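Study the sequence and the structure, then work through each solution in order.

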Amino acid sequence: MPSRREPPPAPAHAAAEPGDDLVVRPFMLTGGRTRPLHDGLRIETLLHAAPAALSAPLRFESRRIVELCQAPMSIADLSVALRVPLGVVRVIVADLVTDGYLRIEEQLGELPIALIERIRDRVRAL
């Protein structure tokens, strides 16, 4: 009968160190929702928060989004800044728009060819 191999016990010093990133499951940030309440949010959508939104009773990612959006910022840029998946940011942003903490800047109907080419070139550079 072959012996079962048990994984070696984790060393005592393997606890999270101050520099380690804590992992929070995306569904915890959105209350389990995967679809935004506000439709029409594209990754290039620019958002702006009123300075008064800084005094709102917001927590965690919502608070950080309002801080970052004191100057117009896109959903894609927020995702990068927060290091949170794009879909999660869209759900949180939609909640903030619905609650009146964020305002959607005027959006372009169609993306200009020059912008599409610039995006393509930057993606290739990755």
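**Exercise 1.** Determine how many salt bridges a search of the whole structure finds, and examine the one that R64 forms with E67.

*Solution.* 
Step 1. A salt bridge requires a side-chain nitrogen of Lys or Arg within 4 Å of a carboxyl oxygen of Asp or Glu. The search of the whole structure finds four. This is a predicted model, in which local features need pLDDT of at least 70 and side-chain atom pairs count only at pLDDT 80 or more, while totals for chains, interfaces and linings use all residues. Residues are numbered from 1 along each chain as its sequence is written, and side-chain values use heavy atoms, with hydrogens and water left out.

Step 2. In the pair R64 and E67, the closest N and O atoms are 3.3 Å apart. Both residues lie in helix α2 (residues 60-68), three residues apart, and are therefore separated by about one helical turn. Helices are DSSP runs (H or I, at least four residues), numbered from the N terminus.

Step 3. R64 has a relative accessible area of 38% and is partly exposed, a term for values between buried (under 20%) and exposed (over 50%), with a 1.4 Å probe and protein chains only. E67, at 35%, is also partly exposed.

**Exercise 2.** Describe the salt bridge between R42 and E44.

*Solution.* 
Step 1. The closest N and O atoms of R42 and E44 are 2.4 Å apart.

Step 2. R42 is partly exposed, at 31% relative accessible area; for E44 the value is 31%, again partly exposed.

Key. Helices (H or I, at least four residues) and strands (E, at least two) are DSSP runs, numbered from the N terminus.
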